[in-house]
Amino acid sequence: LIIGDFHSIETCPKNLQAITDIAKEYKPEVAILHDFTSFLSINHHEWNNYINVIKAPTLEAEWIDANKNLDYLETLFPKTYYICSNHCNFLTTFLADETKYKLNPQNYKKALELRIWQLETNRHPIIKFLELDKRKKVTFVSQHQDLILCGNVHKHGHENLLGVKAGFKTMAKAFNYKYVAAHLHGVEIYAGAAQAGTSSKLRLGYNSGGVSNWQNAHILEHEDGTFQHVNVFDGKWKL
């Protein structure tokens, strides 16, 4: 089961219940997670809007919520792959600039703890944030790795191609259409490649106006490499 971008603390409760029901119905051997934590208070896209940053849940609040949700998902699936995504990299971007968290008192203590661990280990701080090393059922996949399952390459979808930002269709072509991603929150199929939706609420601050193509949707991937979307409408799911 490829779970649409999870965005813990912004997750739609009805969609989380749908994930539970899908897991019980189909008993997937593996779950794949994308954008598990939103990191609202350290989002570099929002940094100049100080009011939004101050009002956002702190790193500590997101740490509590994300760990609780990951604990729960571990009970549903025998094995889980945690794919590093652009929201995970909000954390590395924040920690790389000490002036940011020195001016961000509500996050300073947690940021300093993560930064020290990152410097000591030279590893992605999301591993420490979610204690992924201690989770026997969870495997971390960096953005430089290609996770290959059922003959398909699994990426988040934010990665560059030869140093240039690329969209879903361009990345699909690069992997000969054996490609499964998430990232854009909209459902798409293209010549054998697939894109999952989101698990978040469908109306958030940055997409609150106008028409949106966001969809609560996941992907069931079969052993032969074929797949089907599982769409969720108001908590009720259908193939």
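His 34 counts as buried because its relative accessibility is 1%, where buried means under 20% relative accessible area, exposed means over 50% and partly exposed lies in between, calculated with a 1.4 Å probe on protein chains only. The model is a predicted one, in which local features need pLDDT of at least 70 and side-chain atom pairs count only at pLDDT 80 or more, while totals for chains, interfaces and linings use all residues. Residues are numbered from 1 along each chain as its sequence is written, and side-chain values use heavy atoms, with hydrogens and water left out.

The place of His 34 is the loop between strand 1 (30-33) and helix 2 (50-55); helices (H or I, at least four residues) and strands (E, at least two) are DSSP runs, numbered from the N terminus. Its side chain makes a polar contact of 3.0 Å with the side chain of His 156, a polar contact being a pair of N or O atoms within 3.5 Å of which, within protein, one must be able to donate a hydrogen and the other to accept it, and for which residues adjacent in sequence count only if both atoms are side-chain atoms. When residues up to four places away in sequence are not counted, His 34 touches Ile 2, Ile 3, Asp 5, Phe 6, Ile 83, Lys 155, His 156 and Ala 182, where contact means heavy atoms within 4.5 Å.

Strand 2 (residues 79-83) and strand 3 are joined in the parallel sense over four bridges, and Tyr 81 stands opposite Thr 139 in strand 3.

Helix 1 (residues 13-26) has 14 residues that should span 20 Å at 1.5 Å a residue, and its end C-alpha atoms are 20 Å apart, which agrees; the expected span is 1.5 Å times one less than the number of residues. The buried residues of this helix are Asn 15, Leu 16, Ala 18, Ile 19, Thr 20, Ile 22 and Ala 23, and what covers them includes helix 3 (59-74), strand 11 (217-221), strand 12 (227-233) and strand 13 (236-238). Just after helix 1, Lys 27 takes a positive phi of about 50°.

In a regular strand the side chains alternate between the two faces of the sheet. Strand 11 is covered on both faces, with Ala 217, Ile 219 and Glu 221 buried on one side and His 218 and Leu 220 buried on the other. Strand 11 and strand 12 run antiparallel and are joined by five bridges, with Asn 231 in strand 12 as the bridge partner of Ala 217. Their hairpin has five residues between the strands, and Gly 225 takes a positive phi near 90° there.

Another buried loop residue is Asn 104, whose relative accessible area is 0% and which is placed between helix 5 (98-102) and helix 6 (108-121). Leaving aside neighbours within four places in sequence, Asn 104 is in contact with Ser 41, Ile 42, Trp 47, Val 53 and Phe 94.

The cysteines remain. With a disulfide taken as a pair of cysteine sulfur atoms within 2.5 Å, the count comes to zero disulfides. Cys 84 is in none, since the nearest cysteine sulfur, that of Cys 88, is 4.6 Å away. Cys 84 is buried at 1% relative accessibility, whereas Cys 150 is partly exposed, with a relative accessible area of 32%.

Terms used. Two strands pair if DSSP finds at least two bridges between them.
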